[in-house]
Amino acid sequence: MTTTNAKSGLNMVEVLMLPPQQRKLVQWMMKRSPDGITLAEAALKIDLNQQATLDLLDELVAQNFVQEVLTSDIDEVKYQINLVAKRGIQQQNLSKSLAPGNPLAIIFNPSGDYAVQAGSRFEISGTVSNKGAESALIDVFIDDLSPQLIQWCDTPRQRLALNPDSMGEILFQFQVPVTAIPSTYNYMIVVDAPEHYPEDTPIRHQSQLQILPAIETIVKVSDPTFTLLPSTSSRSPAPIPPGGILQVSVNVHNRSDRVDRFRLSCLDFDESWFSIRYPEGLQTVGLIIPNMGLNLNPGEKGEITLSFNPPISAIAGLYYPTIRLYSANNPDLALLDVVYLEILPSYQLNAELITIFGRIKRKNGIFEIKFTNQGNTAREIICRTIPADEDKLCTYTISPELLRLIPGEKANAQVTVTPIKWWHRPIFGAGRLLNFRIELEDQQQLPLPYNSLPGTLVWEPRPWWQFLLLLLTGLGTLAAIAFLIWWLLRPPAPPKIRQFNSPDTTYKQANNDFIRLSWEINNPRTLQSLSLSGVFADGTTAIPPIVYEFNGKIPNELQQFCQMGKVLTCANVPTDARQPGNYNFELHAFSRRNSDQAADVMKTNTIQIIPVPPVPQPEILEFFSTKPIYQQVADISSDIPYIIPCNNTERIDARTSLEPICLNWKINNLEQIRELNLIGRSPEGIVTHSLKRYDFNQGISPELKPRCKQQQNQLNCSNVLVQNPGTGNYIFELQVIPKTAPEKIIISQKTDIIAVDFLPSKILQFQVNNQELTKYPILIDPTKSSQSINLSWQVEGSRNMKVELLPVPGNVPPIGSIVYPISRQPGIETITLQVTNPAGETISRSVIIETFLPPVQLPPESQTPQIPGLMTPNSVQPPVSTEPGSSTPSSSSPSAPTPASPTPSQPGQLSPLELPPGFD
């Protein structure tokens with residue numbers, strides 16, 4: 001049984017044709033990494049045991065939809081999806097980029113079509129490999145025929161410089177605007193190296209991007225709304241029979257205070273799949289014309305009828321078109337909803353057996369089965385032949401035995417009937433009827449119109465001249481006697497190679513092995529010479545032909561390896577095959593009677609010399625900063641004059657030094673590290689930290705020993721300090737240069753963006769005479785020539801901040817105190833402590849200083865009667881001066897009356913009319 005309709009992969013239509021469990025598994029594999037999945041991962045995904053999952057995978061492998069891959073490092077079988085390549089130019093270019101001998105190859109992720117939502121970000125990454133013999137500059141860019149993606153991409157054109165046998169990564173990042181029109185966009189990514197590989201480039205990768213509508217999350221009270229009836233979901237879609245119609249009622253509510261017109265659209269379906277009917281409006285008397293929209297007054301509701309009428313050829317399955325309602329008053333408003341439809345399956349299938357050659361004499365009978373899939377589901381039909389006669393006189397071959405038909409497709413299978421028992425052919429009569437039938441079976445157990453097709457082959461009788469067979473039999477007997485006489489008098493038998501192989505099928509280059517061969521030859525006395533040659537598996541010459549001349553005896557070079565008797569036996573004959581690779585050897589034996597043409601030829605099976613395994617290269621497992629954000633400086637106003645970075649024991653002066661950046665990394669295969677390089681750059685690529693080298697030739701670098709340790713063959717470094725240059729964003733790159741081929745292999749990894757911000761400024765304290773006040777009254781002492789107050793403050797913030805005491809003295813240190821003289825004249829003065837950080841942001845705190853004269857003191861004899869609401873001067877108690885060295889003035893000290901001096905209404909306090917203006 002042979003199958004000639006082998007598929008080269010799986011297309012998207014065939015994905016929908018698969019049974020539910022296989023379809024779920026294939027769709028999940030399409031989203032996974034191109035490295036493949038294991039049996040355990042597949043069993044966990046579809047919730048089956050491993051044996052049942054293995055049966056599903058074996059079926060997909062047998063159909064060439066999935067391929068098995070054996071990983072070289074752990075000898076584990078993985079399964080990869082085998083998709084059909086894009087047709088046309090894309091298929092040619094993709095096969096060309098991956099064909100043997102092409103110097104460039106590229107793998108994209110995602111490799112196929114992609115769907116994103118409007119307003120979201122997505123990435124397309126790719127790995128470019130330079131398999132050529134020279135270094136190359138490679139341009140990777142989005143083709144100009146994709147203008148939308150060029151506008152959305154941050155860097156639509158990139159360039160790589162790759163050495164031979166190296167690879168590089170490219171990353172295209174896209175920001176899809178919210179206003180992007182939901183549709184399918186074709187795009188093409190071009191890989192070009194015109195300076196170094198002009199004959200093999202450009203390589204084009206074409207795919208599609210589907211933009212899904214953005215989801216409106218905010219609905220205003222005045223925005224219109226609509227609902228769909230019947231309501232559908234992915235679990236309960238609305239069924240539509242083939243060729244049927246589904247009517248959906250769209251109920252619209254105009255919640256605004258304006259008359260509005262609404263229109264409905266469905267961009268996901270062709271216009272032939274649906275129709276929209278708006279309510280008819282009465283324009284004039286006796287004339288009704290259809291509206292082009294739904295007109296609604298404020299607060300009114302209306303209905304639009306949406307009819308889905310998919311064509312009868314539509315494929316069965318689940319569809320989810322997006323419905324959008326447009327408002328004439330607010331055209332930018334996106335009112336969206338999704339309708340879930342399920343087109344029910346139709347299993348109409350026509351099968352017919354047509355006779356091509358139904359009457360045969362010496363040839364084969366040929367029949368043809370014609371299938372026509374008139375349903376809307378994909379079908380997989382298995383054809384088997386069953387003979388209807390007892391005597392199995394014929395063999396039956398169907399090509400192909402398995403036919404896959406998508407909806408509307410036609411397919412043919414050829415049936416070949418071959419008689420095998422010639423002696424059953426009739427001699428007389430009208431011929432012999434050979435009956436058989438074709439059994440039909442649907443692989444998915446879908447219904448068939450009939451299960452078998454009958455067929456008949458007529459085997460015509462022999463012609464009259466075949467009676468001469470008896471005469472020919474007699475002549476054959478005479479020929480046999482003549483052959484026997486010749487056999488007795490025949491010449492010596494030529495040499496015959498009986499065995500030719502190698503004692504071992506695999507050798508190791510690490511052991512300095514070379515291939516040895518052994519052979520056995522019958523009739524060695526007639527042997528003239530032997531010719532031994534070897535080729536690689538690809539057909540190129542590995543060993544030039546070596547000729548051994550016998551002439552009845554063993555040549556000198558084979559004396560220690562061969563013995564001659566009735567059979568020539570040679571064992572462990574050395575060859576010059578020492579290089580790694582796959583070899584095939586060929587031995588030619590020449591006889592003495594004809595030394596120009598080989599009497600016998602024999603080849604060995606493939607013999608392999610295993611190369612020395614490559615040395616494992618280092619691998620960066622982790623590389624990151626301990627914190628994503630650092631402050632520019634520590635708290636310079638803190639009582640602790642130092643900081644302890646990265647939770648270590650060493651201390652750094654917080655008033656003069658910046659808080660350092662701390663990096664951690666883990667690297668595998670420590671023994672293969674030759675050098676580590678650390679460099680810092682800004683996101684724009686400007687170098688901010690010069691290259692720092694750490695030498696590992698003598699073990700872990702002395703500079704890193706306090707912070708690095710070895711765990712088995714892994715290097716773990718924690719809290720490696722890097723100088724903090726100040727505010728900004730930085731990206732650090734760690735490069736690993738291995739001991740083997742350091743000029744070709746550099747392993748590198750970058751950190752995420754590390755930010756250094758200003759320390760926020762804070763006024764911790766601003767006191768007048770050790771008191772936190774917003775207003776401070778002071779009584780002028782006439783007995784003193786000058787008076788002052790003590791101002792103290794404490795500010796927390798960055799080292800470069802600016803601290804000012806206004807109006808005077810101006811710039812001051814973050815922590816300090818001064819003696820501030822006050823005016824001898826009554827009045828109000830505002831003192832402000834102002835802090836400005838390096839970014840120009842300002843905070844401040846103020847205090848109001850009010851000075852006033854003491855109350856008037858009258859002699860006892862001139863005292864006047866007290867006026868209600870007015871206190872006598874003797875009742876005033878002046879405030880105690882806080883100036884150092886000052887004494888409390890006596891209440892009985894004489895004082896000249898001053899008209900400008902206010903008289904407090906209460907002892908030690910000012911009346912409301914006497915208080916100076918202040919803050920609310």
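A cavity is a set of grid points where a 1.4 Å probe fits but cannot get out. The legends below refer to a predicted model.

**Figure 1. The largest cavity and its lining.** The count comes to 1 cavity of 30 Å³ or more. The largest cavity has a volume of about 40 Å³. Its lining is formed by Pro-387, Asp-389, Asp-391, Lys-392, Leu-393, Cys-394, Tyr-396, Leu-434 and Asn-435. Two strands, β28 (394-399) and β31 (432-442), each supply at least two residues of this lining. Sorted by class, the lining residues of the largest cavity comprise 5 nonpolar, 1 polar and 3 charged. Cys-394, one of the lining residues, counts as buried because its relative accessibility is 10%.

**Figure 2. The disulfide of Cys-562 and Cys-570.** A search of the whole structure finds 2 disulfides, and this view presents the one that joins Cys-562 to Cys-570. The S to S distance in this link is 1.9 Å. The link of Cys-562 and Cys-570 is right-handed, with 115° about the S-S bond. Both Cys-562 and Cys-570 are buried.

**Figure 3. The disulfide of Cys-708 and Cys-717.** The sulfur atoms of Cys-708 and Cys-717 lie 1.9 Å apart and form a disulfide. The torsion about the S-S bond of Cys-708 and Cys-717 is about 115°, and the disulfide is therefore right-handed. Cys-708 has a relative accessibility of 9% and so counts as buried. Cys-717 likewise counts as buried, because its relative accessibility is 2%.

**Figure 4. The salt bridge of Arg-121 and Asp-154.** The structure holds 17 salt bridges. In one of these, the side chains of Arg-121 and Asp-154 meet at 3.1 Å, N to O. The pair links distant parts of the chain, the two residues being 33 residues apart. Arg-121 belongs to strand β5 (residues 121-130), whereas Asp-154 sits in the loop between α6 (147-152) and β7 (157-162). Arg-121 is partly exposed, as its relative accessible area is 47%. Asp-154, at 45% relative accessibility, also counts as partly exposed.

**Figure 5. The salt bridge of Lys-775 and Glu-850.** A salt bridge brings together the side chains of Lys-775 and Glu-850, with an N to O distance of 4.0 Å. This pair, too, links distant parts of the chain: Lys-775 lies in strand β56 (residues 775-779) and Glu-850 in strand β62 (residues 842-852), 75 residues apart. Lys-775 counts as partly exposed because its relative accessibility is 24%. Glu-850, by contrast, is buried, with a relative accessible area of 7%; the cut-off that applies here is that buried means under 20%.

Figure 6. Lys-802 forms a salt bridge with Glu-804, and the closest N and O atoms are 3.5 Å apart. Glu-804 has 14% relative accessibility and therefore counts as buried. Lys-802 counts as partly exposed, since its relative accessibility is 39%.

Conventions:
Residues are numbered from 1 along each chain as its sequence is written. This is a predicted model: local features need pLDDT of at least 70, side-chain atom pairs count only at pLDDT 80 or more; totals for chains, interfaces and linings use all residues. Side-chain values use heavy atoms; hydrogens and water are left out. On a 1 Å grid over the protein atoms alone, a cavity is a set of points where a 1.4 Å probe fits but cannot get out, and a pocket is an open set with protein on both sides within 12 Å along at least five of seven lines; lining residues have an atom within 4 Å of a point. Grid points are joined across faces, edges and corners, and a volume is the space filled by probe spheres set on the points. Helices (H or I, at least four residues) and strands (E, at least two) are DSSP runs, numbered from the N terminus. Ala, Val, Leu, Ile, Met, Phe, Trp, Tyr, Cys and Pro count as nonpolar, Asp, Glu, Lys and Arg as charged, and the others, Gly among them, as polar. A disulfide is a pair of cysteine sulfur atoms within 2.5 Å. Buried means under 20% relative accessible area, exposed over 50%, partly exposed in between (1.4 Å probe, protein chains only).
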